[in-house]
There are 2 protein chains.
Amino acid sequence: MRETDFVSGFARGLKVIEAFGETRQRLSIAEASKLTELDRATVRRSLLTLAELGYADYDGKFFTLTPKILRLGHAYLAATPLPALLQPHLDHLSEKAGQSASASVLDGTDIVYIARASQRRVMSINLTPGSRLPAYCASMGRVLLAALGEREAREILIRSELKQNTPNTKTDPDELIAEFRRVRAEGYAIIDQELEIGLCSIAVPIDNDRGETVAAINIGAPAALVPAAEMKERYLPLLKETQAALRPLLRR
Amino acid sequence: MRETDFVSGFARGLKVIEAFGETRQRLSIAEASKLTELDRATVRRSLLTLAELGYADYDGKFFTLTPKILRLGHAYLAATPLPALLQPHLDHLSEKAGQSASASVLDGTDIVYIARASQRRVMSINLTPGSRLPAYCASMGRVLLAALGEREAREILIRSELKQNTPNTKTDPDELIAEFRRVRAEGYAIIDQELEIGLCSIAVPIDNDRGETVAAINIGAPAALVPAAEMKERYLPLLKETQAALRPLLRR
DNA sequence: TGACATTTGTTCATATATCGCACAAAATTG
DNA sequence: CAATTTTGTGCGATATATGAACAAATGTCA
């Protein structure tokens, strides 16, 4: 790509939108400038542009995003067949398991939820399409990283902030790589309260007809109700069933 | 705002992202140019910028959005307290009613879902946060338009494409305005298969402590199971309960 | 409180980058 | 294979980014 095929004003603007993501709903120009490491004048112009277009509100001091910004992400959810294709299968799976079922894909060091069928939410985490979790400590993340191959998986681990969320969290890259090898061999990943105390989950990959992994699906359950040891026998058959039902639908 | 406080390259880029929304997952440069009414060279630069940043894939012919684009919308959902605040109440409401419960806000002529607790999906519509429906024929839309006051509501109706989705759909502006008056007086709106045959819903406004309507919540049910006539007695008390529980939480 | 220091928002001139047109090349279509 | 559509690129006109300078607001400390 040539230098002139890049619209830096656009790139800067997107960076400004993402600056709101870090649990900051209101940003002053100076704050946004710090977060994005862009010049204050530049950030100001981006923010005023967002306000002019209705993507943000401005009270003279703080900018806040408006729901119109959801159009951008929705463009993906509406236009991509995968989420809509997975949804009814997740509903069915969730129904049969009596637990929440989700689907996600990898984006950098995170997994991104693209569909979800939830039973009553008992966990503190509120997950919807678009929600993100660190891949290294999520069952779907393990499955997706395992599908990448060792070198690429290791590169992502290096870029990840391997945080000890709970006493159970595995944070040693070599131990994780070994776990990916097991996941590849056995076809599923189980997380026993590595992300949050009280939460277990089990995931399997979703492959297209070429055998490429395009997503992962999982079932999450409260550890109090379903000990990690029982996750496999209770839910793996259901996940495998869903996996098999989806394979012929995923052409390309 | 001064002319020079507007970054048109940014605005053009956002328009390009939205072009994917119209159920088009793959766009060529020429297609995107037509949809956005932007010059081909401009669209090409925007698309290549998106690809360079990882928001889009490019196979040399077609561009597709990647899940990274969800970061943009998620910045809103994560940063705005309203969706997270509403979610547990919707879960509870959905549980008690045995039907799906949702929350939405107004964006132009559309309502935008910001949170949802779904029971098994029987309807053809797959709704997630970010999903949009025309306000004039949705129960939450009626509630939100009614809250605006007559002149503003009428302006939105004028801009709306008042489509006859089903034989039940009300499309006469004056009839709709009269209905808004009733909604304001009685505090709820019911839709009887105006959007889709077989789907009924009932909605109430969610006000903050100043009495400003900040969102609407609803319960949707299959007409086959719950006739429109029964929606009020079955669900209005539950909705009112949720509405009351939320009021003290919405300071500002 | 009031003086000083710091942070924040805004403006401006100018160097730089982008836009959109026109043309050429490539791909698609019938 | 000719006609049509789509894509890539060079260039002049135009729009934007930059960083310094200033003004206004905010914070700090005696």
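1. Lys61(B) sits in the loop that joins strand E2 (56–58) to strand E3 (63–65) of chain B. Helices (H or I, at least four residues) and strands (E, at least two) are DSSP runs, numbered from the N terminus. Lys61(B) counts as exposed because it has 8 C-beta neighbours inside 10 Å. A residue is buried if 20 or more other C-beta atoms lie within 10 Å of its own, exposed if 12 or fewer, and partly exposed in between, with C-beta atoms placed from the backbone. Lys61(B) and Leu72(B) are separated by 11 residues in sequence and by 25 Å in space, C-alpha to C-alpha.

2. On the basis of the model: it is predicted, so local features need pLDDT of at least 70 and side-chain atom pairs count only at pLDDT 80 or more, while totals for chains, interfaces and linings use all residues. Residues are numbered from 1 along each chain as its sequence is written, and chains are lettered from A and ligands numbered from 1 in the order in which they are written.

3. Glu37(B), with phi of about 60°, lies in the loop between H2 and H3 of chain B. Glu37(B) is exposed, with 9 C-beta neighbours inside 10 Å. Gln193(A), with phi of about 55°, lies in the loop between strand E7 (189–192) and strand E8 (199–207) of chain A. Gln193(A) is partly exposed, with 17 other C-beta atoms within 10 Å.

4. DNA strand C has 19 residues around it, and Ser28(A), Ile29(A), Ala30(A), Gly9(B) and Thr42(B) come nearest. Here a residue is near a molecule or strand if its C-beta atom, placed from the backbone, lies within 6 Å of it. At least two residues of this surface come from each of H1, H2 and H3 of chain A and H1 and H3 of chain B. By class, the surface near DNA strand C has 7 nonpolar, 6 polar and 6 charged residues. The classes are Ala, Val, Leu, Ile, Met, Phe, Trp, Tyr, Cys and Pro as nonpolar, Asp, Glu, Lys and Arg as charged, and the others, Gly among them, as polar.

5. DNA strand D is surrounded by 19 residues, the closest being Gly9(A), Thr42(A), Ser8(B), Ser28(B) and Ala30(B). Two or more residues each are given by helix H1 (8–19) and H3 of chain A, and by helix H1 (8–19), helix H2 (29–36) and helix H3 (40–53) of chain B. The surface near DNA strand D divides into 7 nonpolar, 6 polar and 6 charged residues.

6. In chain A, the axes of helix H2 (residues 29–36) and helix H3 (residues 40–53) come within 9 Å and cross at roughly 110°. H2(A) is therefore roughly perpendicular to H3(A). Axes are lines fitted to C-alpha atoms, for helices over the stretch in contact, and angles run from 0 to 180 degrees between N-to-C directions. Angles under 35 degrees count as roughly parallel, over 145 as roughly antiparallel, 65 to 115 as roughly perpendicular and the rest as oblique. On the H2(A) side the contact involves Ile29(A), Ala30(A), Ala32(A), Ser33(A) and Thr36(A), and on the H3(A) side Arg40(A), Val43(A), Arg44(A) and Leu47(A). This contact has 5 nonpolar, 2 polar and 2 charged residues. Two residues are in contact if their C-beta atoms, placed from the backbone, lie within 7 Å.

7. Helix H6 (residues 139–146) of chain A is mostly covered, with 8 of its 8 residues buried. The axes of H6(A) and helix H8 (residues 173–186) of chain A come within 9 Å and cross at roughly 85°, so the two helices are roughly perpendicular. Arg142(A), Val143(A), Leu145(A) and Ala146(A) of H6(A) meet Glu179(A), Phe180(A), Val183(A) and Arg184(A) of H8(A). The contact of H6(A) with H8(A) has 5 nonpolar, no polar and 3 charged residues.

8. The contact between the chains takes 54 residues from chain B and 54 residues from chain A. H4(B) gives the largest share of the side of chain B that touches chain A, 10 residues. That side of chain B has 26 nonpolar, 15 polar and 13 charged residues.
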